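Subject: Structure handover

Hello,

Here is the structure for you to look over. My notes follow below it.

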Amino acid sequence: KLIKVVGQCKASKKTVGKGQVVDIRDTVETHNSIGFFLAVSSQISAPMTEKLESLKGKGVWTDWWNREDIEMRLSKNQDLLPQFPKVLKAKHQIKFVKKE
């Protein structure tokens, strides 16, 4: 099932909190979407998690990926790495596997 969502990416060495991701519901409504996706290069704070869970309870589809989630997905889809050389860099422990 396809749904229209608004996505935001936040690059930070520190935990991403509610102060860095504001007006989620307004943003979702402005773009006539039904959900919100957040990807962060670190972690999200407990209050940010609570906010996203609260919105989910009010009928707004929400999901988020932190650094570990992104790295896990990339390790399972290594064919993406060469397609985005300016964005993605492989760590030494990732080995390319041939997909059949």
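The chain has 3 helices and 3 strands. Both are DSSP runs numbered from the N terminus: helices are H or I with at least four residues, strands are E with at least two. From the N terminus, the order is β-α-β-α-β-α.

This is a predicted model: local features need pLDDT of at least 70, side-chain atom pairs count only at pLDDT 80 or more, and totals for chains, interfaces and linings use all residues. Residues are numbered from 1 along each chain as its sequence is written, and side-chain values use heavy atoms, with hydrogens and water left out.

Overall figures

The accessible surface comes to about 7500 Å², and carbon and sulfur atoms hold 55% of that. Areas are from the Shrake-Rupley method with a 1.4 Å probe; for residues, only the protein chains shown count as cover. Of the 100 residues, 27% are buried. Buried means under 20% relative accessible area, exposed means over 50%, and partly exposed is in between (1.4 Å probe, protein chains only). Contacts are heavy atoms within 4.5 Å. Among those with a separation of 6 or more, 66% join residues 24 or more positions apart.

The core

The largest nonpolar core has 14 residues. Such a core is a set of buried Ala, Val, Leu, Ile, Met, Phe, Trp, Tyr and Cys residues joined through side-chain atoms within 4.5 Å. Val21, Ile24, Phe36, Leu38, Ile44, Met48 and Leu52 touch the most other members. At least two core residues come from each of α1 (24-30), β2 (35-40) and α2 (46-57).

Look at Phe36 in strand β2. Its relative accessible area is 0%, so Phe36 is buried. Beyond four places in sequence, Phe36 touches Val5, Val6, Gln8, Val21, Ile24, Val28, Leu52, Trp61, Thr62 and Asp63. Phe36 and Ile24 are 12 residues apart along the chain, with their C-alpha atoms separated by 7.4 Å.

Ile44 is next. Leaving out neighbours within four places, Ile44 contacts Thr15, Val16, Leu38, Thr49, Leu52 and Trp64.

Thr62

Thr62 sits in strand β3 (residues 61-65). Thr62 counts as buried because its relative accessibility is 3%. A polar atom of the Thr62 side chain lies 3.1 Å from the backbone oxygen of Leu52. Apart from neighbours within four places in sequence, Thr62 contacts Phe36, Leu52, Leu55 and Lys56.

The surface

Ile3, Val5, Ile34 and Trp61 form a nonpolar patch, with about 320 Å² of accessible area together. Patches are made of residues with over 30% relative accessible area and no salt bridge; like charges are joined within 9 Å, nonpolar side chains (Val, Leu, Ile, Met, Phe, Trp, Tyr) within 5 Å. Val5 belongs to strand β1 (residues 5-10). With a relative accessible area of 33%, Val5 is partly exposed.

The salt bridge

The count is 1 salt bridge, taken as a side-chain nitrogen of Lys or Arg within 4 Å of a carboxyl oxygen of Asp or Glu. Side chains of opposite charge can pair when their charged atoms come close. Here the partners are Arg67 and Glu71, with the closest N and O atoms 3.3 Å apart. Both lie in helix α3 (residues 67-76), 4 residues apart, about one turn of the helix. Arg67 is partly exposed at 39% relative accessibility. Glu71 is partly exposed too, at 29%.

Best wishes

Technical notes. A polar contact is a pair of N or O atoms within 3.5 Å; within protein, one must be able to donate a hydrogen and the other to accept it, and residues adjacent in sequence count only if both atoms are side-chain atoms.
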